[in-house]
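This briefing goes through a few elements of one model in turn, for a reader who has the coordinates to hand.

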Amino acid sequence: MTRSVVVRLDSFGDVLLAGPAVRAVAAGSDHVTFWCGPRGAPAARLLPGVDEVLEWEAPWEGVAPPAVDPEDIGGIVARLRAGAFDAAVVLTSYHQSPLPAALLLRLAGVERVGAASADAPGSLLDVRHRRLPDRHEAEAALDTAIASGFPPRPGDDGRLRVLPGPDTAALTGNGPYVVLHPGASAPARAWSPERCAETVAALADAGHRVVVTGGPGERALTRRVSAGVGVDLGGRTEPRTLAGVLAHADAVVCGNTGPAHLAAAVGTPVVSLYAPVVPAGRWAPYGVPSVLLGDQHERCADTRARACPVPGHPCLESVTAHDVVAAVGKLLKEAV
């Protein structure tokens, strides 16, 4: 029995982008564990091919990582050892190193470890994959799985995918709708609430029913943005339910954040309000029709900034409600 572990320790959207790689590993394994952090765990539980989720907060990941705790490190090594894994595939973004995770896997006795690494891995990796330049994160992850000996199952199209969501008509109401998700994981990637509220009104004036989504901590934001015009679902959708809401939408309007990748995973077109702090070629909605809005040549480009370094947030504030309405119309026309 082949037991494999796929590693992706960062955020919700990053884990969703690992989906095609997970399916490839599952095609060559009897059991797949996904080792992830607390922010990515809800997404890991949505991925086809995952049999078990191993959650652990790494001291080298996230905005406020925990301190290095020898007892905690020993605990995760023991949990990995108990998994008796034959193989591991460590997935990271282009600017991250897989070697800390690879070291723990080695300490846990994992026989074969593969990853993409710009740094010389010493004895930590059995397969050192060289990432192709400017590869989308979903493609780069799948490349790593293939290099590690896990080709995808014949007929797998390599697109993002999640387990089917529930019927959400009781939340959204009947009839077609467009989703607007105003929040983002970092302020630099978020459109202003004022612009979002203007867009809800403009979409409604154009004949669209609008559903506004947001997490438990975004209720005030979604209430402000929906303004009695849109259906306010702020704080009312856990990840699987949100997948259902997005799957039945005509289009989704959001920034570069987890719901954009969740929309792509359920096959819904995306109007991407994309701040260029990370490259769109690597992180834009993958495998679905999309329209990218936002000045990709602003001074913030490629800075990976979490707070906008340019006064007035011009990369996104230059986008108007009219631009979004036109982009939604374009996507809907193409879908006919």
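Helices (H or I, at least four residues) and strands (E, at least two) are DSSP runs, numbered from the N terminus. The model is predicted, so local features need pLDDT of at least 70 and side-chain atom pairs count only at pLDDT 80 or more, while totals for chains, interfaces and linings use all residues. Residues are numbered from 1 along each chain as its sequence is written, and side-chain values use heavy atoms, with hydrogens and water left out.

**Helix 4 and its ends**

- The 14 residues of helix 4 (residues 70-83) should span 20 Å at 1.5 Å a residue, and its end C-alpha atoms are 20 Å apart, which agrees; the expected span is 1.5 Å times one less than the number of residues.
- At the N-terminal end, Asp69 caps helix 4, with a side-chain oxygen 2.9 Å from the backbone nitrogen of Glu71.
- After helix 4 comes Ala84, whose phi is positive, near 50°.

- Buried residues (under 20% relative accessible area, against over 50% for exposed and in between for partly exposed, with a 1.4 Å probe and protein chains only) are, in helix 4, Ile73, Ile76, Val77, Leu80 and Gly83.
- Seen down the axis of helix 4, these buried residues fall within an arc of 110°, so they line one face of the helix; the arc is that of the directions from the helix axis to the C-beta atoms.
- Their cover includes strand 1 (3-8), strand 2 (31-36), strand 3 (52-55) and helix 5 (99-107), where contact means heavy atoms within 4.5 Å.
- On the face turned away from the buried side, helix 4 carries the exposed residues Glu71 and Ala82.

**Two loop residues**

- Ser93, in the loop between strand 4 (87-90) and helix 5, is buried, with a relative accessible area of 3%.
- The side chain of Ser93 makes a polar contact with that of Arg8 at 2.6 Å; such a contact is a pair of N or O atoms within 3.5 Å, and within protein one must be able to donate a hydrogen and the other to accept it, with residues adjacent in sequence counting only if both atoms are side-chain atoms.
- Arg304 sits in the loop between strand 12 (290-293) and helix 13 (314-317) and, at 44% relative accessibility, counts as partly exposed.
- Leaving out residues up to four places away in sequence, Arg304 touches Tyr94, His95, Val277 and Val278.
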